[in-house]
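Thank you all for coming; I would like to take a few minutes to walk through one model with you. Please have a look at the sequence and the structure first.

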Amino acid sequence: MEQANSLRLSHCGICEEQKEKGIHLYTMFICTECEYNMIHTEPREEKYNYYLRKLKNISQPKLYS
């Protein structure tokens, strides 16, 4: 049972933890807690630059036609 539960967890690219709920933005998973914190962070806050550095790790998947 525990193994089946772990299959639903994804690695958050922001907090580096395994979480169940969140969004996939290109190749990065962002948990709902980090998404909420990013949305409610003002550009003048120190944490804003942290989120920018983490989001730079997102790579857009190549589209083969």
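Throughout, helices (H or I, at least four residues) and strands (E, at least two) are DSSP runs, numbered from the N terminus. What we have is a predicted model, in which local features need pLDDT of at least 70 and side-chain atom pairs count only at pLDDT 80 or more, while totals for chains, interfaces and linings use all residues. Residues are numbered from 1 along each chain as its sequence is written, and side-chain values use heavy atoms, with hydrogens and water left out.

The protein chain has three helices and four strands, and along the sequence these follow the pattern α-β-β-β-β-α-α. Of its 65 residues, 22% are buried, where buried means under 20% relative accessible area, exposed over 50%, and partly exposed in between, with a 1.4 Å probe and protein chains only.

Let me turn to the hairpin. Strand 3, residues 22–25, runs antiparallel to strand 4 and is joined to it by four bridges; two strands are taken to pair if DSSP finds at least two bridges between them. Within this pairing, Gly 22 has Cys 31 of strand 4 as its bridge partner. Two residues lie between the strands of the hairpin, and Tyr 26, which lies in the loop between strand 3 and strand 4, has a positive phi of about 55° although it is not a glycine. Tyr 26 is also exposed, at a relative accessible area of 51%.

Glu 16 belongs to the loop between strand 1 (10–11) and strand 2 (18–19), and at 41% relative accessibility it counts as partly exposed.

What, then, makes up the largest nonpolar core? A nonpolar core is a set of buried Ala, Val, Leu, Ile, Met, Phe, Trp, Tyr and Cys residues joined through side-chain atoms within 4.5 Å, and the largest one here has nine residues: Cys 12, Ile 14, Met 28, Phe 29, Ile 30, Cys 31, Cys 34, Met 38 and Tyr 51.
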